[in-house]
Amino acid sequence: STWARDLLFVLSWEHKRKMATLVVVACEREAFGLLPPEAALDERVRLPAMHERGVGLYRCCCEGRCCGCSVLVAGVLACNAASSLAAVLCACPGAFARVVNFGAAGAIDPAMFGRTCLVSQSSQYGVGDNVHWVHPLSLADVPPAVEDLPRVHCTTGNRYSTVEERASPFFPAGAQVEDMELYALACVCRSVGVELHAVKYVTNFAPGVVGHSSASSRDEMRRNILAFRGVAHNHLLRLLDHWA
């Protein structure tokens, strides 16, 4: 009957809402405020050693909140992020209702610099014929808790995009920011049926963006991460509180 279907829908939605959230960051620097200094690794998952310190799965404290989430420090670059996320989801089947990628991004649209944004679409660049091999993927709908944040199209590559690449007909149309992990995470989540959200704070410019002839330096990026991360972290906590 209709009422029975509606009840089952409400119960299944409520169960999913109360399942854990997995926050994925690339490195320890991006996990600041999510993990206490004494955070212990989850022994269910052993990830291979990488150049980044602290790679692994942790229980989140979120400044004393009880939001029921875990944090995966997955490693920089798409290959590391995808393998780490797949390992966690395989080791903990059914444990996570959703994945939230949190971290820094570079500005293709200069208007995004310094802002915190939600990603609505993810794509990949740097593979030549993007049209046939890497289709853009849509991320999960935006919860009301953060619907005031701008929505952006984030494209992923293993390095900065170049002026020549962005002029190519194969570069993802409408991309506003770029990172090095999100599209791989989106592919893993799509494969296993886990919803994906992404909160990005924009800390640097891609080379050749108007007014910026070269890529932002590493020192400049580190300073900007420290400057912009706090505001982005507060938006992330609003999102996590929505599911708590």
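Both faces of strand 1 are covered, with Ala 20, Leu 22 and Val 24 buried on one side and Thr 21, Val 23 and Val 25 buried on the other. In this predicted model, strand 1 spans residues 20–25, and six of its six residues are buried. Two neighbouring strands pair with this element. Strand 4 runs parallel to strand 1 and is joined to strand 1 over five bridges, with Val 23 opposite Val 100 of strand 4. Strand 3, comprising residues 69–73, likewise pairs with strand 1 in the parallel sense over five bridges, and here Val 24 stands opposite Leu 72. The chain as a whole contains six helices and nine strands. Of its 244 residues, 49% count as buried. Among contacts between residues at least 6 apart in sequence, 77% join residues that are at least 24 apart.

The largest nonpolar core comprises 72 residues, of which Leu 22, Val 23, Leu 72 and Leu 85 touch the most other members. Helix 6 gives the most to this core, contributing eight residues. Leu 72 has contacts, beyond four places in sequence, with Leu 22, Val 23, Val 24 and Val 25, and also with Leu 47, Gly 56, Leu 57, Ser 84, Leu 85 and Val 88. Helix 6 also holds His 235. This histidine counts as buried because its relative accessible area is 16%, which is under the 20% cut-off. Excluding residues up to four places away in sequence, His 235 touches Thr 116, Val 146 and Leu 149.

A backbone feature is found at Leu 77, which has a positive phi of about 85° although it is not a glycine. Leu 77 lies in the loop between strand 3 and helix 2, the latter covering residues 78–91. With a relative accessibility of 27%, Leu 77 counts as partly exposed.

The largest pocket has a volume of about 1,000 Å³. It is lined by 31 residues, and those closest to its centre are Cys 27, Arg 29, Glu 30, Val 76 and Ile 225. Strand 4 (96–107), strand 8 (177–179) and helix 6 (218–243) each supply at least two lining residues. The largest share, four residues, comes from helix 6. By class, the pocket lining consists of 17 nonpolar, three polar and eleven charged residues.

The largest cavity has a volume of about 60 Å³. Of the 14 residues lining the largest cavity, Val 25, Ala 26, Glu 30, Asn 101 and Glu 181 are the closest to its centre. Strand 1 and strand 4 each provide at least two residues of this lining, and strand 4 accounts for the largest share, with four. The lining divides into eight nonpolar, three polar and three charged residues.

The second largest cavity has a volume of about 40 Å³. Its lining is formed by Leu 118, Val 119, Leu 139, Ala 140, Val 142, Pro 143, His 197 and Ala 198. Seven residues of the lining of the second largest cavity are nonpolar and one is polar, with no charged residues.

Definitions and conventions. Residues are numbered from 1 along each chain as its sequence is written. This is a predicted model: local features need pLDDT of at least 70, side-chain atom pairs count only at pLDDT 80 or more; totals for chains, interfaces and linings use all residues. Side-chain values use heavy atoms; hydrogens and water are left out. On a 1 Å grid over the protein atoms alone, a cavity is a set of points where a 1.4 Å probe fits but cannot get out, and a pocket is an open set with protein on both sides within 12 Å along at least five of seven lines; lining residues have an atom within 4 Å of a point. Grid points are joined across faces, edges and corners, and a volume is the space filled by probe spheres set on the points. Ala, Val, Leu, Ile, Met, Phe, Trp, Tyr, Cys and Pro count as nonpolar, Asp, Glu, Lys and Arg as charged, and the others, Gly among them, as polar. Buried means under 20% relative accessible area, exposed over 50%, partly exposed in between (1.4 Å probe, protein chains only). Two strands pair if DSSP finds at least two bridges between them. A nonpolar core is a set of buried Ala, Val, Leu, Ile, Met, Phe, Trp, Tyr and Cys residues joined through side-chain atoms within 4.5 Å. Contact means heavy atoms within 4.5 Å.
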